Amino acid sequence: MTPEIFACPIDGSSLDDSLTCEKGHKFSYNNGIYDFINQDYKADKLLESVAPIYEQIWAPFGFFLTSALSYNSLLKKIGSIMSSDVVLDIGTGTGRLFDFTNCKTCIGMDISNKFLYILKQKRSKVIAVHGNAETLPIKSASVDSVSSILVIHMLKNPQVAIKEISRVLKNRGKCAIVVLISNGFISRILSKWWKINPKDDNYYVATIKEFSLKIKEKQIMGPWELFICEKN
């Protein structure tokens, strides 16, 4: 059975049990993963190479090195806030956040199938989705909580992803966003490493407000910033 929460990422229409939408766009389900991209999308080669050690070594060490804070403590905080009936984690990686999140419908979405295969091996209760943050395969106003940790700053236009987060959230739904911001020496090093142009705090504050999200809390963590929001 296709989860009722899913919708065609192309036109937003409903899907039948064969993952075909009302306008004929067809998607697939293979090896426990719902695939809403249907193309040989090339994920970041470096991240794909560290996928087996990402949650145990790469992310914890990298986050502590840049922020002097515990990665697991960050996940515990976000997981506590996000816990609700329907939770979507965008850029979920191996789905580590769900170890700290209580949810009835737990959806982990990533652009990398390699990470999603690991997710299914470790966290079988999580619905694994191969999808794009800029065109979420999710019905509007259907999700209680959305998180996106260390992902949105990697996109060419973060506004699109934040708009999508707002679209799928229910009224009073919660979101947690962690991004790299333009903020000092470490930020510049990471920006060159990832070949991106990070935005500053003002950009994210303005964008979050533009798409009917109210900022409940902000926290600067070295070059990173956490935004806890609520859908107005």
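The dialogue below takes up an arginine and then the aromatic rings.

Modeller: Please keep in mind that this is a predicted model, in which local features need pLDDT of at least 70 and side-chain atom pairs count only at pLDDT 80 or more, while totals for chains, interfaces and linings use all residues. Residues are numbered from 1 along each chain as its sequence is written, and side-chain values use heavy atoms, with hydrogens and water left out.

Colleague: Is Arg123 buried or exposed?

Modeller: Buried means under 20% relative accessible area, exposed over 50% and partly exposed in between, with a 1.4 Å probe and protein chains only. Arg123 has a relative accessible area of 8%, so this residue is buried.

Colleague: Which backbone oxygen does the side chain of Arg123 reach at 2.7 Å?

Modeller: A polar contact is a pair of N or O atoms within 3.5 Å; within protein, one must be able to donate a hydrogen and the other to accept it, and residues adjacent in sequence count only if both atoms are side-chain atoms. Here the oxygen belongs to Thr94, and the backbone oxygen of Gly95 lies 3.4 Å from a polar atom of the Arg123 side chain.

Colleague: Why is the pair of Phe6 and Tyr34 called edge-to-face?

Modeller: Rings of Phe, Tyr and Trp (its six-membered ring) pair if their centres lie within 6.5 Å, and planes under 30 degrees apart count as stacked, over 60 as edge-to-face and the rest as tilted. The structure holds 10 aromatic pairs. In the pair of Phe6 and Tyr34 the centres are 5.0 Å apart and the planes at 65 degrees, so it is edge-to-face. Phe6 is buried at 1% relative accessibility, and Tyr34 is buried at 11%.
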